[in-house]
Amino acid sequence: MAPPLEHGTHTSGPTRRSLLAGVAAVGALGAAGCSRVATASSTEGGELLDRLKAAGVVRLGIAGEIPFGYIDTNGELTGEAPELARAIFKRLGVDKVQPVPTEFGSLIPGLNSQQFDVVAAGMYVTPERCEQVIFADPDYQMPDAFVVRKGNPMGLRDYKDAFAKKARIATGTGYAQIEHAVEAGYRRGDILIVPDQVAGLNAVEAGRVDFFTATAVTSRLVVRTSSKTEATKAFTPIVDGKPQLAGGAFAFRPNETKLRDAFNAELHKLKKSGEVFRILRPFGFSRTEMTEMTAKELCGGGTGG
């Protein structure tokens with residue numbers, strides 16, 4: 001995500017206060033979300049789905065990012081992934097979702113160490129991640145966009161253009177945009193890594209960098225309350241020399257194929273009915289960001305497909 005990057009509120013869009021509150025609330029709820037979870041099973045396909053049904057609750061790993069998964073100003077869990085998770089897990093016989101906030105870069109380690117049951121953070125499906133977890137099929141596809149100063153004084157359009165113009169770059173911890181920038185020529189050491197989208201916006205406003213890169217929906221949302229910045233036109237990044245849209249999806253532990261497959265079956269029903277778009281639309285997603293891509297395609301032959 002950019003990985004997914006930031007996460008949106010409802011149709012009116014997030015204010016700066018709501019963005020900050022969403023991130024700040026992560027720490028406040030962290031302790032509440034760290035209770036013991038069901039352990040993994042050696043049974044083929046895993047037993048977690050049965051255990052979740054029996055318990056009536058599923059623990060969702062989130063990264064406090066708008067619009068993907070975050071705690072709102074009322075202290076409630078929301079975002080495109082948690083709201084979609086509510087709908088799907090209810091169909092699977094699990095009525096309650098519980099947030100377990102962590103940093104984006106800790107989502108996969110946290111999942112595999114059983115701190116929570118599923119990653120619900122709009123995480124991009126990449127071959128590297130597919131070696132560590134298994135993914136449901138993407139619930140959205142997403143181009144990138146930049147947050148730049150008002151008027152886009154450097155005329156930045158994409159990574160290659162930005163690198164040629166020696167534009168100073170920032171992005172978030174663990175974001176897929178790091179690799180997109182490296183592919184265009186940036187050295188990792190030259191990329192300013194910030195904890196979240198608010199810090200990225202602040203870096204641009206303060207002139208510490210020329211642009212902050214994130215998903216298109218994140219960039220659109222985070223600049224809404226800023227008079228000093230704007231989002232560039234969305235573009236498709238280059239991956240392994242080819243244009244490639246990213247896809248965000250839920251992640252599961254590698255042995256929990258039974259849960260992943262059941263989740264996928266309900267996800268596809270909701271896609272067909274148009275319910276996925278209805279759920280994601282309030283968080284800034286458009287119809288062009290709906291997708292029929294599969295995890296297998298994006299894993300590129302990795303084990304997580």
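1. Strands here are DSSP runs of E, at least two residues long, numbered from the N terminus. The model is predicted. Strand S11 covers residues 211-215, and threonine 213 is found in this strand.

2. Is threonine 213 buried or exposed? Threonine 213 is buried, because its relative accessible area is 0% and the cut-off for burial is under 20%. The side chain of threonine 213 also has a polar partner: the side chain of tyrosine 159, at 2.6 Å.

3. Next, a helix pair. Helix H2 spans residues 48-55 and helix H10 spans residues 257-273. Their axes come within 7 Å and cross at roughly 70°. H2 is therefore roughly perpendicular to H10, since angles of 65 to 115 degrees count as such.

4. Which residues make this contact? From H2 come Leu48, Leu49, Asp50 and Leu52. From H10 come Lys258, Leu259 and Ala262. By class, the contact of H2 with H10 has five nonpolar residues, two charged residues and no polar ones.

5. Helix H8 runs over residues 197-205 and is mostly covered. Of its nine residues, seven are buried. The buried residues in H8 are Gln197, Val198, Ala199, Gly200, Leu201, Ala203 and Val204.

6. Look at both ends of H8. At the start, aspartate 196 places a side-chain oxygen within 3.0 Å of the backbone nitrogen of valine 198. Valine 198 is itself one of the buried residues of H8. Just after the helix, glycine 207 has a positive phi of about 80°.

Notes. Residues are numbered from 1 along each chain as its sequence is written. Side-chain values use heavy atoms; hydrogens and water are left out. Helices (H or I, at least four residues) and strands (E, at least two) are DSSP runs, numbered from the N terminus. Buried means under 20% relative accessible area, exposed over 50%, partly exposed in between (1.4 Å probe, protein chains only). A polar contact is a pair of N or O atoms within 3.5 Å; within protein, one must be able to donate a hydrogen and the other to accept it, and residues adjacent in sequence count only if both atoms are side-chain atoms. Axes are lines fitted to C-alpha atoms, for helices over the stretch in contact, and angles run from 0 to 180 degrees between N-to-C directions. Angles under 35 degrees count as roughly parallel, over 145 as roughly antiparallel, 65 to 115 as roughly perpendicular and the rest as oblique. Contact means heavy atoms within 4.5 Å. Ala, Val, Leu, Ile, Met, Phe, Trp, Tyr, Cys and Pro count as nonpolar, Asp, Glu, Lys and Arg as charged, and the others, Gly among them, as polar.
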